[in-house]
Amino acid sequence: MSDDAAGATAGESSEPRRAGETEAVTANRSPSAKRHASRAGFVPPAPATVDLHTHTLRSDGILTPTELVEAVAATGVTLLAITDHDTLAGVRELRASGATPAGLEILPGIEINTVVHDRDHIAEGEVHVLGLGVDPDDDALEAALSSQRDARRTRFEKMVTKLRELGMPIDGALEQLPPTTDEDALGRPRIARALILTGNAESVEDAFNRHLSRGRPAYVPREGLGPREAIGAIRAAGGIASLAHYSEAPAYMPFMRSLVDLGLNGLEVHYRAYDLSTVRLMQKVAADLRLVPTGGSDYHGDRETYAEAHAQLWNPPDVAGGVRAALGVSV
Ligand SMILES: [Zn+2]
Ligand SMILES: [Zn+2]
């Protein structure tokens with residue numbers, strides 16, 4: 001969720017390897033980049049006309065909202081959700097600018113990394129929930145997102161304190177990094193870059209492996225919204241709450257059912273990194289639990305152009321129909 005403009009990683013946490021990932025993944029700059037990796041060589045059955053998972057520089061992407069929508073429209077996508085982590089700033093900025101290309105519909109979206117305490121199989125104790133079609137002016141949702149941003153700042157400061165106690169002060173190094181006023185940039189990648197400057201790590205990945213990942217000395221658990229609060233806030237704001245990039249779903253149906261009981265009503269079936277067999281398994285989970293299938297590229301922009309990401313995304317048009325039906329939109 002919280003990275004700087006270099007966009008090293010969104011979720012920050014490493015995850016079990018999912019179907020479709022390749023060895024190329026390990027070359028990524030941080031462990032969590034795995035989550036957003038795509039499969040080399042995959043050719044979708046048809047070009048996607050829908051992308052319901054993208055990031056701008058308002059969270060940890062590279063492109064401005066305007067740059068993103070222009071790049072997306074150029075690929076033939078007609079329905080796009082911008083799903084920055086914990087902020088609707090990009091959506092609002094776009095709305096204010098009136099810069100949406102003709103023929104492209106924007107769904108206001110959000111991605112919330114929720115904290116899960118009681119499930120050992122959840123990597124670094126979090127699952128990511130997308131809110132698709134939320135009301136960007138919903139005060140309760142904004143309050144929830146604001147508390148999430150506050151929790152991130154607190155966690156960041158705790159890690160800085162911990163490193164100081166471990167004899168690796170990074171306060172000075174943080175000041176040497178490009179300044180940010182953006183809370184969304186306060187994540188482990190920024191701390192990792194400071195550790196590189198102080199000579200305590202050779203790369204972001206090295207910093208995670210030696211210091212910052214769960215089980216390492218400077219690790220601080222994430223605090224913030226749980227699935228209950230996040231799903232509730234998204235649904236109350238009129239959105240579909242869809243579980244993002246959770247290919248473990250078929251193996252953990254009781255956990256999935258517990259999320260459905262909390263109001264989860266969507267599942268990211270067509271994630272860019274999934275191969276076709278994974279998509280089929282996810283389709284079955286969605287059907288069994290009556291979840292709206294969603295799908296998207298999880299594009300951040302730090303490793304390829306949008307067109308390149310889009311070329312790897314399979315997201316059939318009926319995904320748009322299901323999402324519109326669930327949102328009560330009669331288009
Ligand atoms: Zn995510
Ligand atoms: Zn994402």
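Helices α5 and α6 (residues 204-212) pack with their axes 9 Å apart and at an angle of about 95 degrees, where axes are lines fitted to C-alpha atoms, for helices over the stretch in contact, and angles run from 0 to 180 degrees between N-to-C directions. α5 is therefore roughly perpendicular to α6; angles of 65 to 115 degrees count as roughly perpendicular, under 35 as roughly parallel, over 145 as roughly antiparallel and the rest as oblique. The model is predicted: local features need pLDDT of at least 70, side-chain atom pairs count only at pLDDT 80 or more, and totals for chains, interfaces and linings use all residues. Residues are numbered from 1 along each chain as its sequence is written, while chains are lettered from A and ligands numbered from 1 in the order in which they are written.

**Overall composition**

- The protein has 11 helices and seven strands, which are DSSP runs numbered from the N terminus (helices H or I, at least four residues; strands E, at least two).
- Of the 331 residues in the protein, 51% are buried; a residue is buried if 20 or more other C-beta atoms lie within 10 Å of its own, exposed if 12 or fewer, and partly exposed in between, with C-beta atoms placed from the backbone.
- Among contacts between residues at least 6 apart in sequence, 75% join residues at least 24 apart; two residues are in contact if their C-beta atoms, placed from the backbone, lie within 7 Å.

**The α5-α6 contact**

- On the α5 side the contact is made by Arg188, Pro189, Ile191, Ala192, Arg193, Leu195 and Ile196, and on the α6 side by Val204, Ala207, Phe208, His211 and Leu212.
- The contact of α5 with α6 comprises nine nonpolar, one polar and two charged residues, with Ala, Val, Leu, Ile, Met, Phe, Trp, Tyr, Cys and Pro counted as nonpolar, Asp, Glu, Lys and Arg as charged, and the others, Gly among them, as polar.

**Helix α3**

- Helix α3 (residues 139-165) has 27 residues and spans 39 Å from first C-alpha to last, close to the expected 39 Å, the expected span being 1.5 Å times one less than the number of residues.
- Its buried residues are Leu141, Ala144, Leu145, Gln148, Arg152, Arg155, Phe156, Met159, Val160 and Leu163.
- The cover over these buried residues includes β3 (105-115), α4 (171-176), α5 (188-197) and α7 (227-236).
- Asp139 belongs to α3 and is exposed, because 9 other C-beta atoms lie within 10 Å.
- Just after α3, Gly167 adopts a positive phi of about 85 degrees.

**The α3-α7 contact**

- The axes of α3 and α7 come within 8 Å and cross at roughly 150 degrees, which means that α3 is roughly antiparallel to α7.
- Ala140, Leu141 and Ala144 of α3 meet Glu229, Ala233, Ile234 and Ala236 of α7.
- The residues of this contact of α3 with α7 comprise six nonpolar, no polar and one charged.
- Ala233, in α7, is buried, because 27 other C-beta atoms lie within 10 Å.
- Ala233 and Leu141 are 92 residues apart in sequence, yet 5.3 Å apart in space, C-alpha to C-alpha.

**Positive phi in loops**

- Most residues other than glycine have a negative phi.
- His245, in the loop between β5 (240-243) and α8 (253-261), has a positive phi near 30 degrees, and His245 counts as buried with 25 C-beta neighbours inside 10 Å.
- Asp298, in the loop between β7 (292-296) and α10 (306-310), has a positive phi near 55 degrees, and Asp298 counts as buried with 29 C-beta neighbours inside 10 Å.
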